[in-house]
Amino acid sequence: MQAVANPIALELADEVKKAVTPNEFVNDALNRRNELEQLKDYMKRREQRAAQAEKQKLAEEMLITAFQNAVPFQAIEAMRQSARITEARLAELKNQAQMP
């Protein structure tokens, strides 16, 4: 392969390099930005799930305490519904409350 000796061709090649390199850089930067946004969304969802799990745990602990303190069933049912706890899970919590 022969080396290009034409000064215009060399100058043109340099201009092409200058034009191509920034585009690759921009594409890489955009890809990284997209990845960072996806990571940020994942972390946000993870925090939300953790907060929801903690809220659910606290609601269940409150129901166990309510069973142990003979709170009227209407109040327990209202707590169950507001915490979106199933009747089957409520029965499990009632059994836990009765264990020493």
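**Loops, helices and salt bridges in a predicted model**

Arginine 84 is found in the loop between H2 and H3, where helices (H or I, at least four residues) are DSSP runs numbered from the N terminus. The structure is a predicted model, in which local features need pLDDT of at least 70 and side-chain atom pairs count only at pLDDT 80 or more, whereas totals for chains, interfaces and linings use all residues. Residues are numbered from 1 along each chain as its sequence is written, and side-chain values use heavy atoms, with hydrogens and water left out.

Arginine 84, which follows H2, has a positive phi of about 55° although it is not a glycine. Most residues other than glycine have a negative phi. With a relative accessibility of 76%, arginine 84 counts as exposed, a class that requires over 50% relative accessible area, while buried means under 20% and partly exposed lies in between (1.4 Å probe, protein chains only). A positive phi of about 55° is also found at alanine 70, again not a glycine, and this residue belongs to the loop between H1 and H2. Alanine 70 counts as exposed, at 66% relative accessibility.

In helix H2, which spans residues 73–82, the buried residues are Ile76, Glu77 and Arg80. They lie on the same side of H2, because they cover an arc of only 100° around the axis, the arc being that of the directions from the helix axis to the C-beta atoms. Gln74 and Ser82, on the other side of H2, are exposed.

Five salt bridges are counted when a salt bridge is taken as a side-chain nitrogen of Lys or Arg within 4 Å of a carboxyl oxygen of Asp or Glu. One of them joins glutamate 87 to arginine 80, with the closest N and O atoms 3.9 Å apart; glutamate 87 is exposed, at a relative accessible area of 58%, whereas arginine 80 is buried, at 10%. Another joins glutamate 37 to arginine 33, with a closest N and O separation of 3.3 Å, and both of these residues lie in helix H1, four residues apart, or about one turn of the helix. An α-helix has 3.6 residues a turn, so residues three or four places apart point the same way. Glutamate 37 is partly exposed, at 38% relative accessibility, while arginine 33 is exposed, at 52%.

A further salt bridge is formed by the side chains of glutamate 60 and arginine 89 (2.8 Å, N to O). This pair links distant parts of the chain, since glutamate 60 lies in helix H1 and arginine 89 in helix H3, 29 residues apart. From C-alpha to C-alpha, arginine 89 and glutamate 60 are 9.0 Å apart in space. Glutamate 60 is buried, with a relative accessible area of 15%, and arginine 89 is partly exposed, with 25%. When residues up to four places away in sequence are not counted, arginine 89 touches Glu60 and Gln96, a contact being defined by heavy atoms within 4.5 Å. Salt bridges that share partners join Glu60, Arg89 and Glu92 into one network.

Leucine 39 is found in helix H1, residues 7–68, and is partly exposed, with a relative accessible area of 46%.

Conventions: Helix = DSSP H or I, 4+ residues; strand = E, 2+ residues; numbered from the N terminus.
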